[in-house]
Every structure is written in C-alpha cells, then in structure tokens.
Amino acid sequence: MSRQKEEMIINKAKTPKQKILRVCLYVFVILMALVILYPYLVMVSTALKSRAEIYAAKGTVFPVTWLWSNFTDIWSKAPLLRYFVNSVIVAGGSTLIAIFCGIPAAYALARMKFKGQKFFLGLVIVSQMFSPVVLLIGIYRVMSTLHMTDSLLGLIFINAAFNQAFAIWLLRGTFVSISPDMELAARIDGCNKVQAMIKVLLPMTAPGIVTTLIFIFINAWNEYTIALTLISTDLNKPLTVGITIFNGYNMIEWQYLFVASLFATIPVVILFMCIEKHLVSGLASGGVKG
C-alpha cells in the first residue's frame, strides 16, 4: 500500500471531534509560542532603535528608523569582546571541573556500596536548596582569605562548586540506567574498573554527560550575583556583569543594553542547537530511580 493511500485512510478514520481538538491544539501551541517569543521581539526591536525613539512619549513596538549600526557601535562603546572571553573562560572552566569531579563521584554512588551512601546522596540533593545569595557573605570571606576575590579562577571554582551537586545527581541516574552486565563483560575481557568505566560506560553515558554539560554551562554563563560581588576590576568582569556598563546614573542606554543581551544569548543558543539531539535521552536516563 502506498503512503498516499495510508494517509487517506488515516484522514477518513478521524472524527470531526478529533479534527477540532487537533486544530485547538495547534492554535494553543501558536499562542504560547507568541507569548514566549514576544520578549525577544521587544528586545530585537529596541536594539534597532535610537535613544530618542526609545524615550519618545509615543513609542512603537517596531522602530521607525532601523539603526543596524547599534550592533557595530557597541564594540567601541564597551570592552564587549573581553567580557565575552571572560564568560567563556569562567563557564567553560567551571563546566570542565564539575564534569571531571562529577563522573567518578556519580559512578561510585551508582555502582559501589558503602555505609552512609543514602545519607551522602541526600546531602548532595539538599545542597541544591541553598541559594548563592544566602551564602554570599561566607563566600566572600573565604575567597578574600584565599586572595581570589578579583580573579576569574575564583569564579570558576565557585560556579563549579555550586553545580557539582547537580552534576553528581544527574550523572548517577545515567550510570544507574546502564546494566552492570556491560561492565562485567569488559572485566571478563581483561579490563579493570577504571578501564571498564572509560572504554565502556563513558561512551554509553554520552547523552547524560552532554545534558549535564549544557546545564552547567548555562548556569555558569548566566551567573550574576557572585560575579557582581567578587569582581571589582572592569576588565575581569564576565558578560552578565559587564553589560551593566550601559546602566548609567542618569540614563540607561537601552539600545546598547539589548544589543549586548542578544549577543550574550548567541553562544548558549549555538551550544543548545549542536547538542539538542542528546538532551531528551540524557534527561530520561538521568531521571532513573536507583
């Protein structure tokens, strides 16, 4: 039977009620998409306006005069490239540290049995409840004692520490979802535990690792409060803090602020598009109850 005939049979089998529900579903999805995308539309339109048009008494959603030059002028208005590099260093470094430490910890919690295992796992989950704002004073004192208050290395360690619990929790679920028989087969072939984990388990847990990686990177990329507190030198600021340079005492340069915000979303969007095929499977494997 041809594909066209199969589609005709399926369409005939649908009742009018099912067709109405399907149309309502599409309308609902379109409306929700418009609601979600509206702030981004305002961001783009404001980024293309002049200062006079933004502060005009009778404003419009779309700009009267489209100033594409705002996207090029901003690079001379602020050290935006330096802010980008700082954010990439902080987000990338903290992600690598959290993944590097989280994989062996998650493997131990998933495969090894020891006293206090459940209690330790509970502590890992409970640690996610503490907001960085609550611990801000203690964090500042510790980093000040270590002479790391105005350094990117300090931000890397702090972001890695706050994302470590999430990495362990999600990666443990990924390891639990894989049958121990795979490791046993590798051990029979002559591998030790470390070799079995590297050669067998890690390739199989790639979706979970990728999912953990993107979430940690986004969290570190978007972090603002700790960076605002610890970093005082302008050239050491990450992008989230650096773009506040357009927030002046007398006037806010909204057009440049929104342009910088658009540029700030580009790396995250590109990263998400590159690895989104692993995201769903990684979340599903990481949610397995062990």
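**Exercise 1.** Find the partner that R51 meets in a salt bridge, and work out which parts the pair ties together.

*Solution.* Start with the side chains: R51 and E253 meet in a salt bridge, 2.5 Å from N to O (a side-chain nitrogen of Lys or Arg within 4 Å of a carboxyl oxygen of Asp or Glu). Helices here are DSSP runs of H or I, at least four residues, numbered from the N terminus.

Before going on: this is a predicted model, where local features need pLDDT of at least 70 and side-chain atom pairs count only at pLDDT 80 or more, while totals for chains, interfaces and linings use all residues. Residues are numbered from 1 along each chain as its sequence is written, and side-chain values use heavy atoms, leaving out hydrogens and water.

**Exercise 2.** Is E253 buried or exposed?

*Solution.* Recall the cut-offs: buried is under 20% relative accessible area, exposed over 50%, partly exposed in between (1.4 Å probe, protein chains only). E253 has 17%, so E253 counts as buried.

**Exercise 3.** How many salt bridges does a search of the whole structure find?

*Solution.* The search gives two. Besides the R51 and E253 pair, D234 bridges to K237, with the closest N and O atoms 3.8 Å apart. D234 is partly exposed, at 32% relative accessibility.

Note on methods. Helix = DSSP H or I, 4+ residues; strand = E, 2+ residues; numbered from the N terminus.
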